[in-house]
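This report covers helix geometry, salt bridges and a surface patch. The sequence and structure come first.

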Amino acid sequence: MSVPPSAEPTLWELHRAVSQLREDLRGDLAQLAARLDQVVTQDVYRADQRAVDQRISQVEAGLAGLRSEHDQSLERAEQQRREDQTQVAATRRLVISSFVAPLLLMALQLWIVSRGTPP
């Protein structure tokens, strides 16, 4: 079968198609260039990752220090609580020995006096 002469594109249609292809290619290249402007080299990426790793290490070290300080403060608070309990017990004994014991002795003396002496 032969192709009729009207089925072949004219030179003007070929020119328009090539021009359209050029415009599409220019747009695609411009998009690619814009994306390449945002790309960094491996050296820059690695340096940035090292800096991030260093910052994370510093934060972890700081947290470890804070954790140990917190543990020490909890230990000091627990020790202070035990000392306070010991002090409260000592104060309680002092109160008993200072006030209750003399009252008991006075009550004992009053009881002895109230019994009277034999005539």
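How many residues apart in helix α1 are arginine 26 and glutamate 23? They are 3 residues apart, and therefore separated by about one helical turn. This is a predicted model, in which local features need pLDDT of at least 70, side-chain atom pairs count only at pLDDT 80 or more, and totals for chains, interfaces and linings use all residues. Residues are numbered from 1 along each chain as its sequence is written, and side-chain values use heavy atoms, without hydrogens and water. Helices are DSSP runs of H or I with at least four residues, numbered from the N terminus.

The count of salt bridges comes to 3, a salt bridge being a side-chain nitrogen of Lys or Arg within 4 Å of a carboxyl oxygen of Asp or Glu.

| Pair | N to O distance |
|---|---|
| Arginine 26, glutamate 23 | 3.0 Å |
| Arginine 81, glutamate 78 | 2.3 Å |
| Arginine 82, glutamate 78 | 3.8 Å |

Salt bridges with shared partners join Glu78, Arg81 and Arg82 into one network. Arginine 26 counts as exposed at 54% relative accessibility, whereas glutamate 23 is partly exposed at 44%; buried means under 20% relative accessible area, exposed over 50%, and partly exposed in between (1.4 Å probe, protein chains only).

Glycine 116 follows α2 and has a positive phi, near 80 degrees.

Valine 39 lies in the loop between α1 (11-37) and α2, and counts as exposed at 55% relative accessibility.

How values were computed: Helices (H or I, at least four residues) and strands (E, at least two) are DSSP runs, numbered from the N terminus.
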